[in-house]
Amino acid sequence: MTAARGIPATDELDFFATLDRRLLHRRAISEVFLTSMVPTSRDGFLAGAQLPSSHTYFTDHQQERRTLDPLLLLEACRQAETFAAHVLHEVPLDAKFVLRSWSWQQIGQAPELPAGPAELAIRATTSNPQVRDGMVRGLDYDMDLWLGGAPLGSVQLRASYLPAAIYPGIRRHGRGSNPPLSDGAVVQPTTQALAPHQVGRLRPENVVLAGLREEETGTAADLLVPVANPSMFDHPLDHVPGMVAMEAARQLALATTNDRRGSLSRTQVTSLHGEFGRYLELDAPITLHAAPTIGQPELIQVSLRQQGVEAAAIRVGLSAADAVTGSRS
């Protein structure tokens, strides 16, 4: 790999085979994208990922230009964070990972999907380590992304790591009972699921919203928990994961701009920022509420609420497909 935009050249960063799926918290090999990782310092690493040109979830979009999905980039970065936590920071394999926040900001125009697999390079720096009883309990990650030597954007991710022995007690204390798993009974909305074209999708199985409605302050919908979707629920979980929350927020943001005249095929997501304050439980309804930011209508604020309490707040940046955004040195 040649040096570009500050990425050091290294023969060790390759794209020939995926890494151990167990170290990425994935069950299906088809959902593994990370191919290599090289430490660059005590607080940094380079990682490589091969991104698919065709995927039932990550490339299922109603767009005139077939561009890289920002949630695919976030998933590649999540896999890099997870692998680094286990291998570079010795977080135990049975530890429970908690996503506190993550953000993605595009640089320039969204790149077209190549005819074949795309080779993504990630340069990461970690900070703010939290250590207790000899175990790393939390880290912040700042990642820069490149494709073919050209910068794509940046990702920031904040995660906590909980010992397996204390996690069940934390969950019981937080909710007053043991949480159910996603392969069991899950509360789903009684409202009608949205049609794929309403949220920029082609496949019904990738729709995660139901009951779209207008409110005094914006637009609302109910979360349709996609427990049968092999990308969003690759394995049983005891909560709704951050990826599903981000997907739901994106779909609701797009739905608010849908003028039914093909606007979604010309709209792209240019930024995402999510803060997760509480677990999104599987056994109670979840609603989403969206409204444009005052003075910045291209930024849609989405609140995910459960039992009257905000559990996550996500900001979605939108633009016309040909707009150019951001810069990063």
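Contact, as I use the word today, means heavy atoms within 4.5 Å. Please keep in mind that this is a predicted model, in which local features need pLDDT of at least 70 and side-chain atom pairs count only at pLDDT 80 or more, while totals for chains, interfaces and linings use all residues. Residues are numbered from 1 along each chain as its sequence is written, and side-chain values use heavy atoms, with hydrogens and water left out.

Let me begin with histidine 89, which, leaving aside residues up to four places away in sequence, touches Arg42, Ala84, Thr126, Val136, Leu139 and Tyr141. Histidine 89 sits in the loop between helix H1 (70-87) and strand E3 (96-106), where helices (H or I, at least four residues) and strands (E, at least two) are DSSP runs numbered from the N terminus. With a relative accessible area of 18%, histidine 89 is buried, a term that stands for under 20% relative accessible area, against over 50% for exposed and partly exposed in between, with a 1.4 Å probe and protein chains only.

Now to the sheet. In what order do the 12 strands of the open sheet run? The order is E1-E2-E4-E5-E6-E3-E9-E12-E11-E10-E8-E7, with antiparallel pairing, and two strands pair if DSSP finds at least two bridges between them. At the edges stand strand E1 (34-41) and strand E7 (209-214), each with a single partner strand, so one side of each has no neighbour in the sheet. Neighbouring strands are turned by 25° against each other on average, direction ignored; the axes here are lines fitted to C-alpha atoms, for helices over the stretch in contact, and angles run from 0 to 180 degrees between N-to-C directions. Helix H1 packs on this sheet, touching E1 and E3 among others, and its direction makes about 135° with that of E3.

Within the sheet, I would point to strand E12 (residues 309-320), which is joined to the antiparallel strand E11 (residues 296-306) by 8 bridges and to E9, also antiparallel to E12, by 9 bridges. Isoleucine 300 stands opposite valine 316 in E12, arginine 305 has glutamate 310 in E12 as its bridge partner, and serine 271 has glycine 317 in E12. E11 and E12 form a hairpin with 2 residues between them, and glutamine 307 in the turn has a positive phi of about 55°.

Arginine 250 is part of helix H3 (residues 242-257), and, at 5% relative accessibility, it counts as buried.

Finally, the aromatic rings. The whole structure holds 4 aromatic pairs, where rings of Phe, Tyr and Trp (its six-membered ring) pair if their centres lie within 6.5 Å, and planes under 30 degrees apart count as stacked, over 60 as edge-to-face and the rest as tilted. One of the pairs is phenylalanine 33 with phenylalanine 58, edge-to-face at 5.8 Å centre to centre and 75° between the planes. This pair links distant parts of the chain, 25 residues apart, with phenylalanine 33 in the segment before E1 and phenylalanine 58 in the loop between E2 and H1. Both phenylalanine 33 and phenylalanine 58 are buried, and together with Tyr57 they form one aromatic cluster.
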